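Biologist: I'm new to this one. Can you walk me through it, one question at a time?

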Amino acid sequence: MCISLKQCLHVNSKHQQMASIEKQLLGTETVRALRSRGVQSVICGLSANDMEQQFKEAGADAFLFKPFPCEKEALSVELTRVLKTRGMLC
């Protein structure tokens with residue numbers, strides 16, 4: 001998970017399989033920047049607002065509304081769904 005814009009822009013796609021980007025971190029701009037640098041990691045947008053279309057248009061693979069589930073099973077279901085968007089899980 002990226003906790004700052006600077007950290008997200010230094011993602012090494014060979015080692016990081018998934019990045020979650022929050023709207024408050026200049027979300028869609030960060031997604032575009034990562035994709036323009038060739039980052040192939042799964043990117044999931046996060047926002048309490050309905051930003052799914054904007055994140056997807058920017059190159060995100062998935063989107064989660066905040067607050068997202070904190071219960072272990074529900075969170076596992078959501079993360080599995082996100083990772084399946086790029087075939088990372090069967």
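**A walk around Asp61**

Biologist: Let's start with Asp61: is Asp61 buried or exposed?
Modeller: Keep in mind that this is a predicted model. Asp61 has a relative accessibility of 17%. Buried means under 20%, so Asp61 counts as buried.

Biologist: And where is Asp61 found?
Modeller: Strand 3 covers 62-65. Asp61 sits in the loop between helix 3 and strand 3.

Biologist: Which side chain is joined to that of Asp61 by a polar contact of 2.7 Å?
Modeller: Leaving out residues up to four places away in sequence, Asp61 touches Arg35, Ser41, Val42, Ile43, Lys56, Thr85 and Arg86. The side chain that makes the 2.7 Å polar contact with Asp61 belongs to Arg35.

Biologist: Now the nonpolar side. How many residues make up the largest nonpolar core?
Modeller: Val31, Leu34, Val39, Ile43, Met51, Phe55, Ala58, Ala60 and Phe63 are its members.

Biologist: How far apart in space are Asp61 and Val31, C-alpha to C-alpha?
Modeller: In sequence, 30 residues separate Asp61 and Val31. In space, their C-alpha atoms are apart by 9.9 Å.

Biologist: Last, the cysteines: is Cys70 buried or exposed?
Modeller: Cys44, at 1% relative accessibility, counts as buried. The structure holds 0 disulfides. Cys70 has 70% relative accessibility, and the cut-off is over 50%, so Cys70 counts as exposed.

Notes
Residues numbered from 1 in each chain as written. Predicted model: local features only at pLDDT ≥ 70, side-chain atom pairs only at ≥ 80, totals over all residues. Heavy atoms only, no water. Disulfide = S-S within 2.5 Å. Buried < 20%, exposed > 50% of the residue type's maximum accessible area, 1.4 Å probe, protein only. Core = buried A, V, L, I, M, F, W, Y, C linked by side-chain atoms within 4.5 Å. Helix = DSSP H or I, 4+ residues; strand = E, 2+ residues; numbered from the N terminus. Contact = heavy atoms within 4.5 Å. Polar contact = N/O pair within 3.5 Å; in protein donor to acceptor, adjacent residues only side chain to side chain.
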